[in-house]
Amino acid sequence: MAAASGHLSAQAVGARVRYTAVVFMLLVYLFPIYWILTMAFKLPKDTFAYPPVFVFQPTLENFATAFGKSNFLRLTLNSTIAALGNTFLSIAVGSLAAWGISRHRIGGSWLLLGVLSVRMIPAMTIIIPLFLLFVQFRLVDSYLTLPLAYLAINLPFVVWTMKAFIDDIPYDIEESAIIDGCSTLGLLCKIVLPLALPGLVATSIFCFIFAWNELILATVLTRLTARTAVVGLTTFISQEAEINWGALSAAALVVMTPPLALAVALRNYLLRGLTAGALK
Amino acid sequence: MTVIRKREWLPVFSRPATAAPEQVQGWGGVFSGLSRKPYWTVAPALACLLVLSIYPVLHLVWLSLHNVRILPGVPPEFIGLKQYAWILNDPDFWNSLRVTVQFVVATSLIELALGLGLALLLNFDAPWVGVLRVLFLLPTLVAPVVVGLTWVLLLNGEFGLINYFLGLLGITKQAWLARPDLAFAGLVAADVWQWTPFMMLLILAALRSLPAEPFEAAATDGASAWQSFWYLTLPLIRPVMAVALLLRALDATKVFGLVLVLTGGGPAVATNVLGLHIFRKAFERNQMEYASGVAVILLLVTVAVASLYTALLLRSQASGRS
């Protein structure tokens with residue numbers, strides 16, 4: 001008995017040690033994110049302090065500079081428009097195709113493989129012809145530019161993942177709806193998408209985050225009107241002689257907040273999407 | 001099976017336009033199915049992909065084979081593979097290819113090793129462990145540009161945190177972004193920081209779906225923890241590790257934003273990856289045809305890695321189904 005309970009407590013101690021180690025590692029791991037967060041709230045004298053200061057007088061001055069003196073508010077709004085617009089388009093067009101492929105095997109395995117291959121084309125390889133195409137159709141630097149251009153990357157992703165999610169829904173319910181005379185679009189909106197909601201949310205999060213974070217297409221296809229926040233960050237660093245690190249950190253914090261907030265708020269959906277996209 | 005039986009009582013005229021996936025096989029099935037399948041559902045997606053992905057790839061290849069004149073009225077001149085001959089004689093191209101390959105190999109292998117370690121560490125059940133796993137994933141969701149900015153601050157030679165912590169350990173300040181080898185190391189470190197958790201997530205999913213029986217059998221046979229890891233766990237999760245490795249390699253060939261912000265390809269051209277090389281040639285030096293040729297080569301590299309990935313994925317799917 002004594003040996004057994006001794007063994008048990010050794011195990012419990014081991015678990016506790018492991019837990020503590022994981023939490024400690026996590027704190028070290030997330031330290032860079034914490035650091036840029038503090039940078040955003042530091043006065044110029046603290047930003048460049050060496051040795052670095054960990055306790056300081058916080059200020060909102062950097063946010064005032066980023067949003068007031070530069071056009072960062074405009075860029076953030078542009079990012080929102082591009083990301084939301086593209087997510088909506090990709091989900092609408094992509095789920096429709098995913099349903100056709102899942103339920104009717106349209107195109108067979110060739111179409112699916114084709115979609116998968118298109119998904120792997122790097123943006124950098126298509127950007128030159130895509131730029132020439134958008135110039136030709138006078139679509140450079142409009143609010144439609146990025147929602148359309150990001151279809152090239154998000155659409156194959158949506159088709160591939162939504163197909164996997166729709167596969168998991170039993171067919172019986174749809175069948176009885178068809179007997180009741182439901183149209184294909186009605187079927188999709190009233191039955192399939194609500195049933196696939198967890199998958200739909202996961203897929204949408206990834207579309208949004210991708211579009212929000214994208215750099216190459218946004219740099220080349222937009223100018224002053226539709227330029228996004230991520231592009232703004234790169235121009236800050238390359239064009240200004242004296243970089244205002246406080247304001248830049250504040251801007252960077254604004255750029256990384258929506259993806260992180262989405263991830264924490266919808267964490268269960270997120271894990272589904274991450275593994276489904278890669279392994280299914 | 002139950003689906004088919006259920007449809008037998010349906011009157012023929014009201015048989016759904018949307019037949020079940022287990023639809024009739026053979027030629028009769030193909031022809032009768034042709035009129036019923038709602039092909040229009042895939043039409044918008046196909047149209048988008050044709051215009052936004054397929055056509056650009058074809059146009060890219062065309063561009064790389066032509067010399068396009070800026071002068072109006074002068075038709076583009078077909079120059080065959082000359083562009084590629086110029087590219088292959090350009091030391092800048094070879095430098096970019098070498099840097100890219102080094103970056104891809106270094107990051108994906110380090111991420112695999114660290115991701116495996118992290119997955120093993122996080123493979124236990126306790127309250128809040130799920131939340132801890134999600135928190136580890138946060139860096140993967142941050143824009144590479146922001147990761148680059150963060151690491152510019154951390155690696156700064158004068159007031160950077162990394163030099164400060166090294167100083168506490170008695171190591172002198174390093175000019176991280178000014179020395180070619182250190183700049184490359186910094187780039188790899190930033191990428192590893194961002195993407196190791198993704199590797200962890202995939203491997204952890206594989207670890208958690210491992211069957212319990214072989215491990216119980218090994219334990220009764222007196223296998224040590226190390227032996228059951230080496231002879232059971234590793235072989236069982238190897239397919240997932242291979243897929244994860246290739247997936248990361250595929251992504252690392254595309255690296256752009258991180259390099260643009262962190263090193264700008266420098267010092268000189270020490271970290272000038274292919275993506276940056278193409279971008280600068282096409283949109284800063286206005287050499288679109290040269291850049292198109294390099295882009296075609298980048299595409300070929302991607303296709304090589306991607307077909308390996310697809311083959312592995314299909315194989316693991318097939319073995320999962322049987």
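This is a predicted model: local features need pLDDT of at least 70, side-chain atom pairs count only at pLDDT 80 or more; totals for chains, interfaces and linings use all residues.
What percentage of the 280 residues in chain A is made up of buried residues?

View 1. Buried residues account for 45% of the 280 residues in chain A, a chain whose secondary structure consists of 16 helices and zero strands. The radius of gyration of chain A is 24 Å, well over the 19 Å that the globule rule gives for 280 residues, and chain A is therefore more spread out than a compact globule. If the C-alpha trace of chain A is followed along its principal axes, it spans about 80 × 70 × 35 Å.

**View 2. Ala251(A) and the largest nonpolar core.** The largest nonpolar core contains 159 residues, and of these Ala251(A) and Ile203(B) touch the most other members. Leaving aside residues up to four places away in sequence, Ala251(A) touches Ala66(A), Phe72(A) and Phe236(A), and it also touches Gly232(A) and Leu233(A).

**View 3. The side of chain B that touches chain A.** Here 73 residues of chain B are in contact with 73 residues of chain A. Helix α3 of chain B, which covers residues 43–64, gives the most to this side of chain B, with 11 residues. Sorted by class, the side of chain B that touches chain A holds 58 nonpolar residues, together with 12 polar and three charged ones.

Note on methods:
Residues are numbered from 1 along each chain as its sequence is written. Chains are lettered from A and ligands numbered from 1 in the order in which they are written. A nonpolar core is a set of buried Ala, Val, Leu, Ile, Met, Phe, Trp, Tyr and Cys residues joined through C-beta atoms within 7 Å. A residue is buried if 20 or more other C-beta atoms lie within 10 Å of its own, exposed if 12 or fewer, and partly exposed in between; C-beta atoms are placed from the backbone. Two residues are in contact if their C-beta atoms, placed from the backbone, lie within 7 Å. Helices (H or I, at least four residues) and strands (E, at least two) are DSSP runs, numbered from the N terminus. The radius of gyration is taken over C-alpha atoms; the globule rule is 2.2 Å times the number of residues to the power 0.38. Ala, Val, Leu, Ile, Met, Phe, Trp, Tyr, Cys and Pro count as nonpolar, Asp, Glu, Lys and Arg as charged, and the others, Gly among them, as polar.
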